[in-house]
Amino acid sequence: MNSIVLGDSRDSANYPDKIHLTITSPPYYVGKNYEKDYSFDDYRAMLKNVFHNVAENTVEGGKIAINIADIAAFSKVSGRVEENDQVLPEITRNLKEDDCHLLARYIWHKDPPWHNSQHVTYSDRIPATYVRALPNWEYVWVFYKGDSPKREDMPRMTDMISKEQWTEWVLSVWRIHSVPANDFHEAMFPEDLVRRLVHLYSIPDDVVFDPFMGSGVTAVVAYKNGRNYAGIEREKEYYELIHKSLQAVENSLERLYSAPPRFEQNRLPGFPKR
Ligand SMILES: C[S@@+](CC[C@H](N)C(=O)[O-])C[C@H]1O[C@@H](n2cnc3c(N)ncnc32)[C@H](O)[C@@H]1O
């Protein structure tokens, strides 16, 4: 446990056998360097294969949280492949075959794209009537495995997170800033997004897994919050980055400071009721 595999997540040998929560963001098929070798058919087959492996190794009642933009990049207008209905419904149909079912749909409301991309600016060259919406949101869909999303003998949710956290996190639109463009990775998760999922869908000592680990944010946040981590990344450069990030947090006191969790305040005598 607490290990990252340098390898391909299509290979089932790279998986831990007891995953409680997967938090992941697959490639979006938008022309990034790390997805250039996939044709669109490869891409769809890869997603099917990877989420099958994830489902196989997830415990009963375990959760799979998938973040994807599902932006309209699959169109003749963008010069990519033919119009395609969205990727997440296809993943949903595939996961159903593996006894995994949709539990929740969140919208991650992020910064306007011009905050992070020099390619998106005010332009006076766009012809009238030709407007494409610029996406400032992404999906996070959560699935559970088996007959019920309930796991055996779980503490109450109010024992796990504070009232303030509950009030903000159970709503289905999450306003979270994107990670600014940087030299580390093209598509990093904001820590806050992962933290919410970790606290809502796992308990301490669970295994939190990411088959597209990228820069390692899932592992770092899992570790900081008292969970075990596991993951797969196929690019060596990112694999090394993950280890650097993990080393930094393992050598810091941050984990000690984030435990015990803040839910303790729910039980403090005299804590003002709202
Ligand atoms: C959208 S990024 C994930 C970024 C990550 N959420 C983060 O916070 O940094 C997708 C990652 O999946 C990796 N990847 C793509 N295909 C893969 C495969 N078949 N097996 C393992 N990793 C893969 C890419 O190298 C890339 O780092």
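**Reading the ligand shell and a helix pair**

Me: How many nonpolar, polar and charged residues does the shell around the ligand have?

Reply: Ala, Val, Leu, Ile, Met, Phe, Trp, Tyr, Cys and Pro count as nonpolar, Asp, Glu, Lys and Arg as charged, and the others, Gly among them, as polar. Here the shell has 10 nonpolar, five polar and five charged residues. Bear in mind that this is a predicted model: local features need pLDDT of at least 70, side-chain atom pairs count only at pLDDT 80 or more, and totals for chains, interfaces and linings use all residues. Numbering runs from 1 along each chain as its sequence is written.

Me: Okay, which residues are closest to the ligand?

Reply: A residue is near a molecule if its C-beta atom, placed from the backbone, lies within 6 Å of it. The ligand has 20 residues around it, and the closest are Tyr34, Phe189, Phe212, Gly214 and Ser215.

Me: And at what angle do the axes of H1 and H2 cross?

Reply: Helices are DSSP runs (H or I, at least four residues), numbered from the N terminus. Axes are lines fitted to C-alpha atoms over the stretch in contact, with angles from 0 to 180 degrees between N-to-C directions. H1 (residues 40-56) and H2 (residues 87-97) have axes that come within 10 Å and cross at roughly 40°. That makes H1 oblique to H2, since angles under 35 degrees count as roughly parallel, over 145 as roughly antiparallel, 65 to 115 as roughly perpendicular and the rest as oblique.

Me: Which residues in H1 and H2 meet?

Reply: Contact takes C-beta atoms, placed from the backbone, within 7 Å. Arg44, Leu47, Lys48, Phe51 and Ala55 in H1 meet Glu90, Ile91, Asn94 and Leu95 in H2. By class, that's five nonpolar, one polar and three charged residues.

Conventions. Helices (H or I, at least four residues) and strands (E, at least two) are DSSP runs, numbered from the N terminus. Two residues are in contact if their C-beta atoms, placed from the backbone, lie within 7 Å.
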